[in-house]
Amino acid sequence: MSSTIPGFHNPQLFEVLPNACLSATARDIFDVLTARQEPGGLVHIRQQELAERLGLSQSAVSRAISQLRDKGIISERQRKGTLLIHPLLAGYESLAHMTNHLKAPDTHVWPINFPVGDIRPPRVRDGRTGTDFDPDPDGGEDAFLEDVQPSLRLAG
């Protein structure tokens with residue numbers, strides 16, 4: 001682990017991070033990345049190390065990292081063994097360090113792909129929301145049960 005742990009984070013963006021509706025695995029991975037980052041958001045870590053740290057398969061880690069990339073939380077453009085946390089979510093040595101880093105011409109700030117409003121979107125997304133679909137068409141009545149159970153026979 002790095003001996004330099006960034007101490008300043010942008011609290012406003014962390015308040016809206018729940019709006020990203022991350023899976024539990026993606027959030028766990030983001031927490032590990034946040035803890036292991038260098039000031040400015042660069043993290044030297046391999047997926048295998050994340051998998052071992054969290055007791056996950058590499059495919060689960062890969063899916064979670066894809067989700068973090070899709071949401072814009074980590075960069076699409078990094079070489080193997082490194083990840084870059086979005087500059088607005090990265091940790092810095094101070095407010096001045098963050099401000100200077102964000103103003104630097106070589107700092108790439110890519111879009112964040114989740115709502116940053118005051119209210120988090122619903123966690124469970126149902127494609128049937130807003131349709132005439134009725135999950136309980138009988139109005140809560142017991143389902144019909146036949147009196148005679150079918151007889152079972154052994155194959156052979």
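This is a predicted model: local features need pLDDT of at least 70, side-chain atom pairs count only at pLDDT 80 or more; totals for chains, interfaces and linings use all residues.
View 1. Leaving aside the neighbours of Thr 34 within four places in sequence, the residues in contact with Thr 34 are His 9 and Ile 85.

**View 2. The whole chain, for orientation.** Of the 156 residues in the chain, 31% are buried. Among the contacts between residues at least 6 apart in sequence, 69% join residues that are at least 24 apart.

**View 3. Helix 2 and the elements around it.** Helix 2 runs over residues 24-36, and at 1.5 Å a residue its 13 residues should span 18 Å, which agrees with the 19 Å that separates its end C-alpha atoms. The buried residues of this helix are Ala 26, Ile 29, Phe 30, Val 32, Leu 33, Thr 34 and Arg 36. These buried residues pack against helix 1 (11-16), strand 1 (42-44), helix 3, helix 4 and strand 2.

**View 4. The largest nonpolar core.** In soluble globular proteins, nonpolar side chains tend to be buried together. Here the largest nonpolar core has 27 residues, and those with the most contacts inside it are Ile 29, Leu 33, Leu 50, Leu 68, Ile 73, Ile 74 and Ile 85. Helix 1, helix 2, helix 3 and helix 4 each supply at least two residues of this core, and helix 2 gives the most to it, with five residues. When residues up to four places away in sequence are not counted, Ile 29 touches Leu 50, Leu 54, Val 61, Ala 64, Ile 65 and Leu 68.

**View 5. The largest pocket.** Rolling a probe the size of a water molecule over the atoms shows where empty space is left. The largest pocket has a volume of about 180 Å³. Its lining is made of 13 residues, and those that lie nearest its centre are Ile 45, Arg 46, Gln 47, Lys 80 and Gly 81. The elements that give two or more residues to this lining are helix 3 (47-54), helix 4 (58-70) and strand 2 (82-84), and the largest share, three residues, comes from helix 4. By type, the residues of the lining divide into three nonpolar, six polar and four charged.

View 6. Although Arg 120 and Val 16 are 104 residues apart along the chain, their C-alpha atoms are separated by 7.7 Å. Leaving aside neighbours within four places in sequence, Arg 120 is in contact with Pro 18, Asn 19 and Cys 21. Cys 21 is found in the loop between helix 1 and helix 2, and at 12% relative accessibility Cys 21 counts as buried. Most residues other than glycine have a negative phi. Phi of Cys 21, however, is near 50 degrees, which is a positive value in a residue other than glycine.

Key. Residues are numbered from 1 along each chain as its sequence is written. Side-chain values use heavy atoms; hydrogens and water are left out. On a 1 Å grid over the protein atoms alone, a cavity is a set of points where a 1.4 Å probe fits but cannot get out, and a pocket is an open set with protein on both sides within 12 Å along at least five of seven lines; lining residues have an atom within 4 Å of a point. Grid points are joined across faces, edges and corners, and a volume is the space filled by probe spheres set on the points. Helices (H or I, at least four residues) and strands (E, at least two) are DSSP runs, numbered from the N terminus. Ala, Val, Leu, Ile, Met, Phe, Trp, Tyr, Cys and Pro count as nonpolar, Asp, Glu, Lys and Arg as charged, and the others, Gly among them, as polar. The expected span of a helix is 1.5 Å times one less than its number of residues. Buried means under 20% relative accessible area, exposed over 50%, partly exposed in between (1.4 Å probe, protein chains only). Contact means heavy atoms within 4.5 Å. A nonpolar core is a set of buried Ala, Val, Leu, Ile, Met, Phe, Trp, Tyr and Cys residues joined through side-chain atoms within 4.5 Å.
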